[in-house]
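Here are my notes on the two-chain model you sent over.

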Amino acid sequence: MFLKPGVLDVQGKAVEAALHGLGWGGASNVRIGRVIEFDVAGEDAAVAEAEVKAMCDKLLANTVIESYRAEVA
Amino acid sequence: MKAAVIVFPGSNCDRDCKTAIERSTGAHVDMVWHGESALPDRLDLVVLPGGFAYGDYLRCGAMASLSPVMAEVRAAADRGVAVAGICNGFQVLCEARMLPGALLRNAGLKYVCEPVDLEVVNGQTRFTAGYQGRREVRMTVGHGEGNFFADEPTLERLEGEGQVVFRYRRNPNGSARDIAGIVNDRGNVIGLMPHPDRAFEPELGSADGAAFFQSVLASA
């Protein structure tokens, strides 16, 4: 999950400035997000994916400010 | 007059709030542990205090918004009981979707801890009537994530409906439109980053927070 485009990612900006300071002037659009990994009980990947999306909407992401991508592997 | 202060694991302004309410209003204040499934009867005010509930795990206020007691706080708000979220409490109310928007990391990335001058944008609310027309008050802030964010339509609605209650004179955290505090559309749930509980008598540098608590308990 990442802050939505249009929501200022101040951490990303600070890290970008640090990369520039180290000489990597070509680094741009640095965004800092988070990955949450866990096991889900069940056999059906589609069911699990729907469940994970519900979890994201309810708790794991704050959809006022964040967007997310859910993957079942 | 009766108030309750919710105590989450990691709250650190709970006792400040109790003292501030007692000294400024004389109201009886109960401390309510977050795991409770009932609030005391006939409450006039519920305060969600400042601090770092659940260590700010996941996002500030996210875990606390799911605490058992929050279902009761929401039910009380639906009955019209006044609810005030101060600092971390504001973050909890946003995460609980009892107030619109969210609090982002401060634009300057630094924790800010300082007195702030505030404009009382709406002096007609249950929380600000006691300022009796005063337009400027002083409280203190202490937060790392007080940068209020909402999408443009929401900000327009907040401004248009008089739901912006306090605005910073000098914005310490990058918040949208200098917003320091908002109320819900019904006017009984307020969230603010500045601490009235740290500014309720002159010895603290400002006594302006006292009228905040007096307002809500006088209107009860």
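1. Reading chain A from the N terminus, the order of elements is β-α-α-β, which makes 2 helices and 2 strands. Helices (H or I, at least four residues) and strands (E, at least two) are DSSP runs, numbered from the N terminus. The radius of gyration of chain A is 16 Å, well over the 11 Å that the globule rule gives for 73 residues, so chain A is more spread out than a compact globule. That radius is taken over C-alpha atoms, and the globule rule is 2.2 Å times the number of residues to the power 0.38. Along the principal axes, the C-alpha atoms of chain A fill a box of roughly 50 × 25 × 15 Å.

2. Some housekeeping before going further. This is a predicted model: local features need pLDDT of at least 70 and side-chain atom pairs count only at pLDDT 80 or more, while totals for chains, interfaces and linings use all residues. Residues are numbered from 1 along each chain as its sequence is written, and chains are lettered from A and ligands numbered from 1 in the order in which they are written.

3. Burial in chain A comes to 8% of its 73 residues. Here a residue is buried if 20 or more other C-beta atoms lie within 10 Å of its own, exposed if 12 or fewer, and partly exposed in between, with C-beta atoms placed from the backbone. As for contacts (C-beta atoms, placed from the backbone, within 7 Å), 42% of those in chain A between residues at least 6 apart in sequence join residues at least 24 apart.

4. Because R34(A) has 12 C-beta neighbours inside 10 Å, it counts as exposed. L3(A) is 31 residues away along the chain, yet the two C-alpha atoms are separated by 9.7 Å.

5. Now chain B, with 5 helices and 11 strands. Its radius of gyration is 15 Å, close to the 17 Å that the globule rule gives for 220 residues, so chain B is as compact as a globular protein of that length. Of those 220 residues, 56% count as buried. Residues 24 or more positions apart account for 76% of the chain B contacts with a separation of 6 or more.

6. On to the strands of chain B, where pairing needs at least two DSSP bridges between two strands. Strands β1 (residues 2–7) and β2 (residues 28–33) of chain B are parallel over 6 bridges, and V7(B) stands opposite W33(B) in β2(B). The chain gets from β1(B) to β2(B) through α1(B), in a right-handed β-α-β crossover. Right-handed means that, with the strands pointing away from the viewer, the path from the first strand over the helix to the second runs clockwise.

7. Strand β9 (residues 164–168) of chain B is mostly covered, with 4 of its 5 residues buried. β9(B) pairs antiparallel with β6 (residues 112–120) over 3 bridges, and E119(B) stands opposite R167(B). Another 3 bridges join β9(B) to β10 (residues 179–183), also antiparallel, with F166(B) opposite G181(B).

8. Why call helix α5 (residues 209–218) of chain B largely enclosed? Because 9 of its 10 residues are buried, among them F212(B) and F213(B). The buried residues of α5(B) pack against α1 (14–25), β3, β4 (82–86) and β7 (136–143) of chain B.

9. Last, the largest nonpolar core, which has 77 residues. Such a core is a set of buried Ala, Val, Leu, Ile, Met, Phe, Trp, Tyr and Cys residues joined through C-beta atoms within 7 Å. Those touching the most other members include V5(B), I6(B) and L45(B), and α5(B) gives the most to this core, with 6 residues. L45(B) lies in strand β3 (residues 45–48) of chain B, and L45(B) is buried because 26 other C-beta atoms lie within 10 Å.

Notes:
Contact = placed C-beta atoms within 7 Å.
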